[in-house]
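Opening my notebook on this one.

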Amino acid sequence: KRKMILDLDTGIDDSLAIAYAVGAPDVDLIGIMSSYGNVLVDQAADNSLRILELLGATDVPVFVGEPHSSTTEHFDVMAISQQIHGKNGIGEVALPKPKRAVETQSAVDFLIDAAHKYGSDLTLVPTGPLTNLAAALKKAPEIATEIGNVTIMGGALTVPGNVSHFAEANINQDAEAANAVFTSPIHLTMVGLDVTLRTLLTTTETKSWRDLQTTAGEKFADIVDYYIDAYKVTSPHLHGCALHDPLAVGVAIDPSFVTTFDLNMFVQAEGEDYGRTIGDPARLKEPTNVKVAINVDQDRYLQAFMDNLTGLFKK
Ligand code: BDR
Ligand code: CA
């Protein structure tokens, strides 16, 4: 089984990413790191513990990550994130207080140890800012060539972004960190808005979870219905909610869900296009450093997503 670590700012689609990884038969989820974005870093860790408990996956350890970007002193959750994910990050749904606590080791040290231990068997899926990974690369640069694959949800090859005309939220939280990751020797796959905004879930699917009449099915239906309602206000043209983060987990497991384009990319960390992920044509002669997902087989992915999550929620 492939060893997987998730690095999440646990909001609603991050919670779906947890479910996808827990439900995937060929994945050994060895830990979840927390990040900031949809919620603060401690809340993200707490949400991950609650979601794991809801899914009966109480053997997956949770590690707290960096609380803000390397270039700022402080992080405040944006009003728009609260509108989309709810103030608690999980759609204002109350899940029981976790029976377990977070681990004492930091997320960054956990990642470094795991890279040394598992090497190319390790897949990392960050679906929040890249601050933890950049900090780990700074502390232990050798992990860049040890880790088998890093598949991120983040960025947008095509504009517009979702927090500015150019930038996607996760990259925008810490463009310096993202640039350090993109320009490192790490094996990187980018699952950005180009494909995630085309991979949508509707109330038809959440209703089928509710109809299972299990706690996990009902709670996930409540959480995701909040997200679908928020999308009706913020993105009425989409007719559903974007499966940003669980798509990255799906691609990490089965890259054939997407078509990728090899590019030499960097991340703009200053000026009006701060946070833009750029495949610079002037660098086309440079070796490529990112596989960018540019097309997605939505139907096949959605089928796999539903088979996986429905099987998990039935238990
Ligand atoms: C990304 O930003 C977060 O709000 C979501 O969880 C997702 O990871 C989409 O831009
Ligand atoms: Ca996220």
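This is a predicted model: local features need pLDDT of at least 70, side-chain atom pairs count only at pLDDT 80 or more; totals for chains, interfaces and linings use all residues.

Gln213 sits in the loop between helix 10 (203-210) and helix 11 (215-234). Helices (H or I, at least four residues) and strands (E, at least two) are DSSP runs, numbered from the N terminus. Its phi is positive, about 55°, although Gln213 is not a glycine.

Residues are numbered from 1 along each chain as its sequence is written, chains are lettered from A and ligands numbered from 1 in the order in which they are written.

I found a positive phi at His239 too, near 55° in a residue other than glycine. His239 belongs to the loop between helix 11 and strand 8 (241-242), and it counts as exposed because 11 other C-beta atoms lie within 10 Å.

I then looked up a cis peptide bond: it joins Val159 and Pro160, with omega about 5°. Pro160 is in the loop between strand 5 (149-153) and helix 7. I flagged these spots because most residues other than glycine have a negative phi, and most peptide bonds are trans.

Next I traced an open sheet of eight strands, in the order 3-2-1-4-5-6-12-9, with mixed pairing. Strand 3 (62-63) and strand 9 (258-263) are the edges, each pairing on one side only; strands pair if DSSP finds at least two bridges between them. Strand 1 (residues 2-8) and strand 4 (residues 122-126) run parallel, joined by five bridges. In that pair I see Ile5 opposite Leu124.

Helix 1 packs on the sheet, touching strand 1 and strand 2 (27-34), and its direction makes about 170° with that of strand 1. Angles here run from 0 to 180 degrees between N-to-C directions, and axes are lines fitted to C-alpha atoms, for helices over the stretch in contact. Helix 2 (residues 41-54) lies across strand 1, strand 2 and strand 3, at about 150° to strand 2.

**Around Leu133**

Is Leu133 buried or exposed? Buried, because 32 C-beta neighbours lie inside 10 Å. I place Leu133 in helix 5 (residues 131-139). Beyond neighbours within four places in sequence, its contacts (C-beta atoms, placed from the backbone, within 7 Å) are Asp7, Leu124, Pro126 and Val181.

**Ligand 1**

Which residues are closest to ligand 1? I get Gly11, Asp13, Thr127, Ala169 and His244, out of 14 surrounding residues (C-beta atom, placed from the backbone, within 6 Å). Helix 1 (12-23), helix 7 (169-173) and helix 12 (244-253) each give two or more residues to this shell.

**Record check**

UniProt, in an unreviewed entry, places "domain: Inosine/uridine-preferring nucleoside hydrolase" at residues 4-302. I computed that span as 39% helix and 17% strand, with its end C-alpha atoms 21 Å apart.

Key: A residue is buried if 20 or more other C-beta atoms lie within 10 Å of its own, exposed if 12 or fewer, and partly exposed in between; C-beta atoms are placed from the backbone. Two residues are in contact if their C-beta atoms, placed from the backbone, lie within 7 Å. UniProt positions are given in the numbering used here, feature names are shortened, and annotations may be inferred rather than shown by experiment.
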